[in-house]
Amino acid sequence: MHKVLIVEDEDIMRKGLMFVPKWQEVDCIVVGEATNGLDGLEKIRKYKPDIVIVDVNMPVMDGLEMLEKSIDEYGYDAIIVSGYGEFEYARKGISLGVTEYLLKPVDYSKLYDAIKKIQAKRNTDTDIRNVIRRIDVEKKKLGVLNFEKTETGNKYVDYMIKAIHDRYPEKIALSDISEECKMSCTYLNVKFKNETGYTFNDYLNRYRIQKAVDLLRENNYKVYEIAEMVGFSDYKYFIKVFKKYTGSS
């Protein structure tokens with residue numbers, strides 16, 4: 001159930017918005033009313049609404065000033081209602097993240113559409129937050145790798161760590177590092193394990209999966225794209241390694 005606050009100085013309009021719409025049918029409840037922007041700020045702090053329906057032109061404090069002072073802090077979604085002559089002024093609300101502009105007299109079918117748009121957005125935001133929480137849990141399972149700005153004191157190990165951090169999207173193997181350092185793979189792996197607690201390949205895979213988790217958190221790429229971005233040319237192998245280190249597909 002989403003909480004709605006009505007901020008409108010015209011009594012008839014305010015009461016109409018409170019009692020005419022079938023709020024229950026759109027899974028909403030009106031938790032309060034305010035007669036100007038200053039009153040609206042107080043009610044926002046008190047009720048912490050999910051949705052605020054606000055007039056633009058009001059005494060004491062107008063609707064846009066009220067939005068500027070509260071929308072970011074309290075994280076609600078806003079619907080502006082305005083008279084025809086105020087519509088261009090109301091459009092300034094776009095920079096404040098206003099979801100919809102409705103002209104007076106309010107067409108309630110358009111109001112319902114705006115409410116549903118907000119609900120879909122808020123539900124999506126909730127889903128994304130839940131996914132991010134799960135991803136953060138998986139990231140903890142990897143063990144936080146704190147070698148980004150740390151030197152171990154062993155020049156070969158430091159070189160290997162830097163190589164992984166710089167070249168993890170590429171094809172990189174311990175044999176490559178061995179040739180570059182002119183040292184045996186066995187020697188390098190032993191030194192690396194002693195300093196970090198991981199084998200070279202284990203550290204490389206953990207680092208790649210940690211970077212994959214960061215990319216998943218951004219929610220901007222498909223999984224197969226992320227696999228390639230972190231150095232896995234084989235998508236199925238990426239899934240296998242991801243599950244191995246995080247415990248999740």
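User: What should I know about the model first?
Analyst: The model is predicted, so local features need pLDDT of at least 70, side-chain atom pairs count only at pLDDT 80 or more, and totals for chains, interfaces and linings use all residues. Residues are numbered from 1 along each chain as its sequence is written, and side-chain values use heavy atoms, with hydrogens and water left out.

User: Why are α2 and α3 called roughly parallel?
Analyst: Helix α2 (residues 37-47) and helix α3 (residues 63-74) pack at an angle of about 10°. Angles under 35 degrees count as roughly parallel, over 145 as roughly antiparallel, 65 to 115 as roughly perpendicular and the rest as oblique. The two helices are therefore roughly parallel to each other.

User: Which residues of α2 and α3 make the contact?
Analyst: Contact means heavy atoms within 4.5 Å. From α2 come Gly37, Gly40, Leu41, Ile44 and Arg45; from α3 come Met66, Lys69, Ser70 and Tyr74.

User: Which residues of α8 are buried?
Analyst: They are Leu188, Phe192 and Thr196. Buried means under 20% relative accessible area, exposed over 50%, and partly exposed in between (1.4 Å probe, protein chains only).

User: What do the buried residues of α8 pack against?
Analyst: They pack against α6 (155-167), α7 (174-181) and α9 (200-218).

Definitions and conventions:
Axes are lines fitted to C-alpha atoms, for helices over the stretch in contact, and angles run from 0 to 180 degrees between N-to-C directions. Helices (H or I, at least four residues) and strands (E, at least two) are DSSP runs, numbered from the N terminus.
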